[in-house]
Amino acid sequence: MLTRTVIAAALVAAGIATIPSSAYAATARYTPERICGPGFHRVKDGHRAMKTRDGAVFGHVYLMYSKRSGKNCVAAIKTAYLGTRSVTGAYLEVRGGGRSEDVQKYRYYAETGHLAGAWKCVRYAGWTRDPGNRVEAWGGRESWGNCKG
């Protein structure tokens, strides 16, 4: 028994064996591909960390696109305060097209609707707050981009 404990401790210290935490398991279930749905893929330059003013990362926001449908989607996925309801939002705007925003107290993520955006520029954002609603983390792109379909 002592030998197994020593070996396990050595493996963990070396980073070879780790026990996944429940927080990791929860975030692994929520990928932007799963959130936006079949056919959606991550867009080049379509990922930003959601950071506080002090630089703490509370999550990540992803711009997704489906070539088949010509639609965009944004997923804002929390990495802080997982499982706890806190204000979390996702925003997508298509130049000359529509806007979609989803803001509620979520436990894991927020997602915009699917907006037509083939060959149109888009901008996007994601944000989340601490449960006390005092600190906000934001990420996204305020300028227009991803204009080539």
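Colleague: Which residue does a disulfide join to C36?

Modeller: C36 is joined to C73, with 2.1 Å from S to S. A disulfide here is a pair of cysteine sulfur atoms within 2.5 Å.

Colleague: And what sort of bond is that, in general?

Modeller: A disulfide is a covalent bond between the sulfur atoms of two cysteines.

Colleague: Before we go on, where does the model come from, and how are residues numbered?

Modeller: This is a predicted model, in which local features need pLDDT of at least 70, side-chain atom pairs count only at pLDDT 80 or more, and totals for chains, interfaces and linings use all residues. Residues are numbered from 1 along each chain as its sequence is written, and side-chain values use heavy atoms, with hydrogens and water left out.

Colleague: Back to C36 and C73. Is their disulfide left-handed or right-handed?

Modeller: The torsion about the S-S bond of C36 and C73 is about -80°, so this disulfide is left-handed. C36 lies in helix α3 (residues 32–36) and C73 in strand β3, so the pair ties together parts that are 37 residues apart in sequence. Helices (H or I, at least four residues) and strands (E, at least two) are DSSP runs, numbered from the N terminus.

Colleague: Are C36 and C73 buried or exposed?

Modeller: Both C36 and C73 are buried. Buried means under 20% relative accessible area, exposed means over 50%, and partly exposed is in between, using a 1.4 Å probe and protein chains only.

Colleague: How many disulfides are there by that rule?

Modeller: The count is 2 disulfides. Another one joins C121 to C147, with 2.0 Å from S to S. C121 lies in the loop between β7 and β8 (122–129) and C147 in the segment after β9 (136–145), so this pair ties together parts that are 26 residues apart in sequence.

Colleague: What about the handedness of the C121 and C147 link?

Modeller: The link of C121 and C147 is right-handed, with 115° about the S-S bond. C121 is buried at 11% relative accessible area, while C147 is partly exposed at 31%.

Colleague: New topic. Which strands pair with β3?

Modeller: Strand β2 (residues 57–66) pairs with β3 in the antiparallel sense over 8 bridges. Strand β7 (residues 115–116) also pairs antiparallel with β3, over 2 bridges, and 3 bridges join β3 to strand β6 (residues 109–111), again antiparallel. Two strands pair if DSSP finds at least two bridges between them.

Colleague: Which residues face each other across those bridges?

Modeller: A76 in β3 is the bridge partner of V61, and A110 in β6 is also a bridge partner of A76. K71 stands opposite A116 in β7.

Colleague: How many residues of β3 are buried?

Modeller: In β3 (residues 71–78), 7 of the 8 residues are buried.

Colleague: Last one: where is K51, and what is it in contact with?

Modeller: K51 is in strand β1 (residues 41–51), and K51 is partly exposed at 45% relative accessible area. Leaving aside neighbours within four places in sequence, K51 is in contact with A56, V57, E136, A137 and W138. Contact means heavy atoms within 4.5 Å.
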